[in-house]
Amino acid sequence: MNLIIDVGNSFVKLAVFEEGMLKHKEVVRLNFVLEGINILKEKYISIKKAIISSVGKLNKGDIKAISKSFDVMILDANIKLPFKNLYATPNTLGVDRIALVCASVEQFSNNNVLIIDAGTCITYDFVTAKNEYIGGAISPGLRMRYKSLNNLTVNLPLLESEIPKSITGNSTNESIHSGVVFGILKEIEGIIDEYRRKYSDLTVILTGGDTNFLSKQLKSSIFANSNFLLEGLNFILQFNLNE
C-alpha cells in the first residue's frame, strides 16, 4: 500500500492506494497532518511507501516524523518521470502539474491529452501522443475571480459560486455570476476548440476542486476525474519503485 500526501496552503489531501486502486481519501488541516497520517497508519498497517507533494509547506519536524514511519519519496523537478519534459523552465513547473501529466501518461498513453485542472488557478497542460510535455497555460480559478471582483472594487459583493440563470444578468449578483461562470466556461471551451483544430484526436481531462461544478455545464466531450492528481502521484511513486 502507498500513502499519498498532497500538501496545499491550508489543507492536506491524504490518500491510500493498493495495487493502483484508490482505497481511501480524506482532507485534513495542515496543522493536523501528523494526526491524520497516524490514524491511517493504524487503519492500513500495510502502508510502506509514501510520496509527498509540495513539501515546502510542511515543517521539517513533520517530514522527519513521516519519514520514520514510511519510506518517503519527495516529489520535485529532479525526480525520474515517465515523460519527456520540453518545458523551457522545468525547475519552475509545479509539482501538481507534473503529477497530472504523469497520470495522463499512465492512463492515456500514446494519446494527445489536454489536462484542465480547475482549482485555485485553472491550469492547462498538453501532452503529445509521443509522451512529450509541451506546456500549457495558467489563468485565475473560479473563487479567485469572485474574490478579485470584491477585493479590487468598492461596491461589488463577494458571492458564493452559483450556476447563472441566464447569460444576461438582471441584477448585480446575477451579472457577477454570469460574468464569472460563463467567462470560465467560454474560456475552457475556447481553449479546447483551439487544441482540437490542431489535434483532432484530442483527449480532454477535467480535474480539480471545481470539477463537478463545471463539468455538467461544459458542452465539450471530456473525462471528469477529481482524483486525477492523486492517481498521478501514486503512479510517480510506483514508476520510481519499479525502475
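The largest pocket holds about 990 Å³ of space, where a pocket is an open set of points on a 1 Å grid over the protein atoms alone, with protein on both sides within 12 Å along at least five of seven lines. A volume here is the space filled by probe spheres set on the points, and grid points are joined across faces, edges and corners. This is a predicted model, in which local features need pLDDT of at least 70 and side-chain atom pairs count only at pLDDT 80 or more, while totals for chains, interfaces and linings use all residues. Residues are numbered from 1 along each chain as its sequence is written, and side-chain values use heavy atoms, with hydrogens and water left out.

**The largest pocket**

- The lining of the largest pocket is made of 30 residues, and Asp6, Lys13, Asp117, Gly119 and Thr120 are the ones that lie nearest its centre; a lining residue has an atom within 4 Å of a point.
- At least two lining residues come from each of strand 1 (2-7), strand 2 (11-18), strand 3 (21-29), helix 3, strand 8 (121-127) and helix 7 (228-242), where helices (H or I, at least four residues) and strands (E, at least two) are DSSP runs numbered from the N terminus.
- By class, the lining of the largest pocket has eight nonpolar, 12 polar and 10 charged residues; Ala, Val, Leu, Ile, Met, Phe, Trp, Tyr, Cys and Pro count as nonpolar, Asp, Glu, Lys and Arg as charged, and the others, Gly among them, as polar.

**The cavity**

- The whole structure has one cavity of 30 Å³ or more, a cavity being a set of points where a 1.4 Å probe fits but cannot get out.
- The largest cavity, with a volume of about 30 Å³, is lined by Glu162, Ile163, Pro164, Lys165, Glu174 and His177, and this lining divides into two nonpolar, one polar and three charged residues.

**Nonpolar cores**

- The largest nonpolar core has 32 residues, and Ile51, Leu75, Ile115 and Ile236 touch the most other members; such a core is a set of buried Ala, Val, Leu, Ile, Met, Phe, Trp, Tyr and Cys residues joined through side-chain atoms within 4.5 Å.
- Strand 2, helix 3, strand 7 and helix 7 are the elements that give two or more residues to this core.
- Ile236 is in contact (heavy atoms within 4.5 Å) with Ile51, Met73, Leu75, Ile79, Ile98, Ala99 and Cys102, leaving aside its neighbours within four places in sequence.
- A second, separate core has 23 residues, including Leu159, Tyr195, Val204 and Leu218.

**Aromatic pairs**

- Six aromatic pairs are found in a search of the whole structure; rings of Phe, Tyr and Trp (its six-membered ring) pair if their centres lie within 6.5 Å, and planes under 30 degrees apart count as stacked, over 60 as edge-to-face and the rest as tilted.
- One of the pairs is formed by Phe108 and Phe223, which is tilted, with 5.4 Å from centre to centre and 45° between the planes.
- This pair links distant parts of the chain, 115 residues apart, since Phe108 lies in the loop between helix 3 (95-107) and strand 7 (113-118) and Phe223 lies in strand 11 (residues 223-224).
- Phe108 is buried at 17% relative accessibility, whereas Phe223 is partly exposed at 48%; buried means under 20% relative accessible area, exposed over 50%, and partly exposed in between (1.4 Å probe, protein chains only).
- Phe83, Tyr87 and Tyr133 are linked into a cluster by ring pairs.

**Residues with a positive phi**

- Most residues other than glycine have a negative phi.
- Glu19, however, has a positive phi near 50°; Glu19 sits in the loop between strand 2 and strand 3 and is exposed, at 81% relative accessibility.
- Asn131, which is not a glycine either, has a positive phi of about 60°; Asn131 lies in the loop between strand 8 and strand 9 (132-140) and is buried, with a relative accessible area of 17%.

**Thr211 and its contacts**

- Thr211 belongs to helix 6 (residues 211-215) and is buried, at 2% relative accessibility.
- Not counting residues up to four places away in sequence, Thr211 touches Leu206, Ala224, Asn225 and Ser226, and the C-alpha atoms of Thr211 and Ser226, 15 residues apart along the chain, are separated by 6.2 Å.
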